[in-house]
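This report goes through the side-chain links of one chain and the confidence that goes with them. The sequence and the model come first, and the text follows.

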Amino acid sequence: MISGIGVILLAAPGWAQTCPAAPDHRAALGALTDQIQRSDTEMEARGLSNRMWELWTQAPDEAAQALLDRGMRARSTYDFLGALEAFDRLVRYCPDYAEGYNQRAFVHYLSQNFDAALTDLELTLERSPRHTGALSGKALSLYALGRIEEARDVLAQALALNPWLPERSLAAPGGPLAPLGDDI
């Protein structure tokens, strides 16, 4: 349920109040990253990764959470214009909240607007440098633009944090982003 102030904020973010700081989950995310790196199975790593996403998608306040949730729902139904509208409002309201940019980048990626995705991914990584989702998204966007060396380097950074990412197959021997010299 959105309070009266939340309705006002959804109508005009920033008008009634400013966005509070996003929750500081760096310690918890660091611990989860350490656990993922020590995981023995993909299933174990996936559970830890899901916990990371729960932290990343914890918005700074109720109004921001409503915008994030609305954008994610719209994206899940392929309403990319509605998703972009919600994420645009979210980043205007909470310009320091990394996940607003990351989610908008995902919509741009799905829309094959890879340059816009890269812009938002850079904004995400400025705010959350170890965000493996943003790093893998950046690698995929660079790959889609044919910027193979950059994509290879960024994917290696993401895999150093989480070796179980689904995109790891791209860096496997024979894969399009495999380290040089690792061909079949």
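A residue is called buried under 20% relative accessible area, exposed over 50%, and partly exposed in between, with a 1.4 Å probe and protein chains only. By this scale E85 is partly exposed, at a relative accessible area of 32%.

The model is predicted: local features need pLDDT of at least 70 and side-chain atom pairs count only at pLDDT 80 or more, while totals for chains, interfaces and linings use all residues. Residues are numbered from 1 along each chain as its sequence is written, and side-chain values use heavy atoms, with hydrogens and water left out. The protein chain averages a pLDDT (the predictor's confidence in each residue, from 0 to 100) of 91, and 90% of the residues score at least 70. Over residues 1-16, however, pLDDT stays under 50, and the model has 27 contacts there beyond four places in sequence, a contact being heavy atoms within 4.5 Å.

The structure holds one disulfide, that is, a pair of cysteine sulfur atoms within 2.5 Å. Its partners are C19 and C94, with sulfur atoms 2.0 Å apart. C19 lies in the loop between α1 (4-11) and α2 (26-38) and C94 in the loop between α5 (80-93) and α6 (98-110), so the pair ties together parts that are 75 residues apart in sequence. Helices here are DSSP runs (H or I, at least four residues), numbered from the N terminus. The link is right-handed, with 90 degrees about the S-S bond, and both C19 and C94 are buried.

There are 11 salt bridges in the structure, each a side-chain nitrogen of Lys or Arg within 4 Å of a carboxyl oxygen of Asp or Glu. The table gives three of them.

| Salt bridge | N to O distance |
|---|---|
| E85 and R70 | 3.6 Å |
| R104 and D120 | 2.7 Å |
| R147 and E150 | 2.8 Å |

E85 lies in helix α5 and R70 in helix α4 (residues 62-76), so their pair ties together parts that are 15 residues apart in sequence; R70 is partly exposed at 28% relative accessibility. Both R104 and D120, by contrast, are buried. R147 counts as partly exposed at 32% relative accessibility, as does E150 with a relative accessible area of 37%.

Helix α9 (residues 148-161) has among its buried residues A151, R152 and V154, and what covers the buried residues of α9 includes α2 and α8 (132-144).

Note on methods. Helices (H or I, at least four residues) and strands (E, at least two) are DSSP runs, numbered from the N terminus.
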